[in-house]
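Let's take a walk through this one together.

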Amino acid sequence: MAWCSLVRQALVLSALLAVLALGAGREEPLVVVIDPGHGWDPATGGYTGAVNRYTGDHEDEFNLAIALRLERELRQAGSAVYLTRRDRYVPPDYDGDGLRNNADRWYLPNALGEVVPRAHKPRADAYVSLHLNASPKLSRRGVTVVYSSAFRAARHREQSQALAFEIYRELTAHLKPSAEPFTVNGLYFDKLALPHAIVEAAFITNAADLAWIRRPENQQLAAEAVARAVLRWWRQRAAAEPD
Ligand SMILES: [Zn+2]
């Protein structure tokens, strides 16, 4: 009889554990919009991002290469990922105003982010725009991560700042720091109604930074660093705001 009740207890316990596991499995996945900055514009036949005039390298291509690797890392971790572009071309005209420019880039993450989180899909939890920096001062190098604290982005200031600092911390394990994360207001990401970070991983105008980011294995390191940062930020956020 005692043995029987032990078995029953074990069965109840395993059923409970199964329910808990199911509950954990039902957690909403992190949804991220990745914006590989800029793109090639067929209308003008030109690149729209920063360029190294001495080598002919354009940031557009590196931004996309790192974005596709970041997408893979985040998907492997169970996240849902949307990209503003998947090829060399500037992103589509999301808001239908006839312009394909940076002002359109707020539309996709905003449209994804505005629906009530955890009630409807799709929705986005974070927006990460990937860029390379440029400066007329060719010695400038290193990581810069910025975010907006104005207009619609103001409501997400703390979360954007936390995300920016996580990304900065991870990237500066591989690359030199340029400046600690700071706010840049007055650009299209003021319109982003969700936590976001604009990542300038390195300076395309600096020879050492460019040599580093050109190597596919380093693009992978950068992608993994950003993925780790985004996932840690998400876990910390989930811990701070339980359902
Ligand atoms: Zn850029």
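Leaving out residues up to four places away in sequence, A229 touches E166, I167, R169 and E170. Take R169 from that list: A229 and R169 are 60 residues apart along the chain, yet their C-alpha atoms are separated by 8.0 Å. Keep in mind as we go that this is a predicted model.

In general, two packed helices are described by the angle between their axes and the distance between the axes. Here the partners are α4 (residues 157–171) and α6 (residues 216–240), whose axes come within 8 Å and cross at roughly 140°. The crossing of α4 and α6 is right-handed. On the α4 side, the contact is made by Q159, A162, L163, E166, I167, R169, E170 and L171, while α6 brings in A222, A225, V226, R228, A229, R232, W233 and R237. Sort the contact residues of α4 and α6 by class and you get 9 nonpolar, 1 polar and 6 charged.

So much for the pair itself; what do the helices sit on? There is an open sheet of 6 strands with mixed pairing, in the order β6-β1-β7-β10-β8-β9. Its edge strands, β6 (80–83) and β9 (177–183), each pair on one side only. From one strand to the next, the twist averages 20°. Helix α4 packs on this sheet and touches β7 (126–133), β8, β9 and β10, with its direction at about 170° to that of β8. Helix α6 lies across β1 (31–36), β7 and β10, and runs at about 150° to β7.

Now go along the sheet strand by strand. β1 and β7 run parallel and are joined by 5 bridges, with P36 standing opposite L130 in β7. On to β7 and β10: these also run parallel, joined by 6 bridges, and here Y127 stands opposite H196 in β10. With β8 (residues 143–147) and β10 (residues 196–203) the sense is antiparallel, over 3 bridges. V145 faces V199 of β10 in that pairing. Finally, β8 and β9 pair in the parallel sense over 4 bridges, and T144 stands opposite A179 in β9. The chain gets from β8 to β9 through α4, and this β-α-β crossover is right-handed.

How many residues of β7 are buried? The count is 8 of its 8, so the strand is mostly covered. As a rule, the side chains of a regular strand alternate between the two faces of the sheet. In β7, A126, V128, L130 and L132 point one way and Y127, S129, H131 and N133 the other, and all are buried.

Next, a stop at another helix, α3 (residues 107–114), which holds L108. L108 counts as buried because it has 20 C-beta neighbours inside 10 Å. Setting aside neighbours within four places in sequence, L108 is in contact with V33, Y82, T84 and Y94. L108 and L192 are 84 residues apart in sequence, with 9.5 Å between their C-alpha atoms.

H38, in the loop between β1 and β2 (40–41), has a positive phi of about 70° although it is not a glycine. F151 also has a positive phi, of about 55°, and is not a glycine either; its place is in the loop between β8 and α4. Is each of them buried or partly exposed? H38 counts as buried because 27 C-beta neighbours lie inside 10 Å, whereas F151 is partly exposed because it has 14 other C-beta atoms within 10 Å.

Step back to the whole chain to finish. The protein's secondary structure comes to 6 helices and 10 strands. Of its 243 residues, 40% are buried. Among contacts with a separation of 6 or more, 77% are between residues 24 or more positions apart.

Note on methods:
Residues are numbered from 1 along each chain as its sequence is written. This is a predicted model: local features need pLDDT of at least 70, side-chain atom pairs count only at pLDDT 80 or more; totals for chains, interfaces and linings use all residues. Axes are lines fitted to C-alpha atoms, for helices over the stretch in contact, and angles run from 0 to 180 degrees between N-to-C directions. Helices (H or I, at least four residues) and strands (E, at least two) are DSSP runs, numbered from the N terminus. A crossing is left-handed if the near helix is turned anticlockwise from the far one by less than a right angle, and right-handed if clockwise. Two residues are in contact if their C-beta atoms, placed from the backbone, lie within 7 Å. Ala, Val, Leu, Ile, Met, Phe, Trp, Tyr, Cys and Pro count as nonpolar, Asp, Glu, Lys and Arg as charged, and the others, Gly among them, as polar. Two strands pair if DSSP finds at least two bridges between them. A residue is buried if 20 or more other C-beta atoms lie within 10 Å of its own, exposed if 12 or fewer, and partly exposed in between; C-beta atoms are placed from the backbone. A crossover is right-handed if, with the strands pointing away from the viewer, the path from the first strand over the helix to the second runs clockwise.
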